[in-house]
Amino acid sequence: MPVPIDHVNFQKIDLYYIHRGRTVKTLTGVIKEYKAYLRDIKKASKNTYTSYVRDIVQYEAFLLSQGEGEIMINNVTLVEKYLKTLRDNGKAPSTVLRSSAALKSFYKYLVSSGKAEKVNTKFRTDCRRENKLPEILTNEEVTLLLSQPDECDPKGYRDRAMLEIMYATGIKVSEVVGLDITDVSFELGFIRCSGRTIPIYPVAQEVLKRYITRSRNALVSNPEEKALFVNLMGERISRQGLWKIIKHYTALANIEKEITPHTLRHSFAVHLLENGADLRSLQEILGYADISSTQVYADIIKSRMSDAYSKYHP
């Protein structure tokens, strides 16, 4: 009798999962190769890597629980049955859509690596993306937020540099804390992040230079430390630590909007589009695999225009 998907519990994100109370190895070693592809070729972020691998392993567990075929076989009917099972089990539309994207990525990898000749990735999800648009800071609010750290001590220099780099590049919090000192090139005016080369504007370069020359050496406890941004113990700063810093300065600036770790990233993207950038360039800077992921920022601009029209047109 097929085991419902809710009865398949995952132990960890690797090649094993728990099925009917016992540890089961995945049906094919190709998932191990796909993990290396995401990490080394696609340079996927940690969150994308973890989520996509989990989605693929979970789909394979679904096939096993239903007594169905090998994951290597691109069967649209089975994929859509799996996505329907997720919906029926109350998974959020965003989760179902991400699972669909993960499976599309996996099957496209099979073609690019020569493991399959042709695949169909037009999976029907019967889900729409949630219409809640992310909170965006105005230009004035960004300026106010970035001006909060007081560059009078090592912590102030560091905090100002972190906030400035986040807004200058649109990189994620996890990518900020993952930066190494060698990822910065002042000569060429860019940083390297998750396989991408991202330019940084002159003001951000100057702020970052001040942090490195006046603050970082005073903070690091080990001269061999590679991390660009370190905590007061001299070690690589954590995501939680950076998130607390953002909340602290948001409160100091009296910004009442609901700020999340992604707010500066979203604000960067919208402001870039408002100033003439195209979606394809934005996609490359943000590191999205699919250009459709940037569409939400275009939608925000359309919503702003509509609101302005309704408010000010006589």
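How many disulfides does a search of the whole structure find? It comes up with zero, where a disulfide would be a pair of cysteine sulfur atoms within 2.5 Å.

A note before the views: this is a predicted model, with local features needing pLDDT of at least 70 and side-chain atom pairs counting only at pLDDT 80 or more, while totals for chains, interfaces and linings use all residues. Residues are numbered from 1 along each chain as its sequence is written, and side-chain values use heavy atoms, with hydrogens and water left out.

**View 1. Two cysteines, Cys152 and Cys193.** Cys152 is exposed, at a relative accessible area of 56%. Cys193 is buried, with 3% relative accessibility. Here buried means under 20% relative accessible area, exposed means over 50%, and partly exposed is what lies in between (1.4 Å probe, protein chains only).

**View 2. The open sheet E4-E5-E6.** Three strands line up in that order, with antiparallel pairing. Strands are DSSP runs of E with at least two residues, helices are runs of H or I with at least four, and both are numbered from the N terminus. Two strands pair if DSSP finds at least two bridges between them. At the edges sit E4 (184-185) and E6 (196-199), each pairing on one side only. E4 and E5 (residues 190-193) run antiparallel and are joined by two bridges. In one of these, Ser185 has Phe190 of E5 as its bridge partner.

**View 3. Helix H2, residues 46-65.** From first C-alpha to last, this 20-residue helix reaches 28 Å, close to the 28 Å expected at 1.5 Å a residue; the expected span is 1.5 Å times one less than the number of residues. H2 is mostly covered, with 14 of its 20 residues buried. After H2 comes Gly67, with a positive phi near 70 degrees.

**View 4. H6 against H10.** The axes of H6 and H10 (residues 263-274) come within 7 Å and cross at roughly 40 degrees. That makes the pair oblique. Axes are lines fitted to C-alpha atoms, for helices over the stretch in contact, with angles from 0 to 180 degrees between N-to-C directions. Under 35 degrees counts as roughly parallel, over 145 as roughly antiparallel, 65 to 115 as roughly perpendicular, and the rest as oblique. On the H6 side, Leu163, Met166, Tyr167, Ala168 and Thr169 meet Leu264, Ser267, Phe268 and His271 of H10; contact means heavy atoms within 4.5 Å.

**View 5. Thr169 in H6.** Thr169 belongs to H6 (residues 154-169) and is buried at 0% relative accessibility. Leaving out residues up to four places away in sequence, Thr169 touches Ile191, Ile198, Pro199, Ile200, Phe268 and Ile285.
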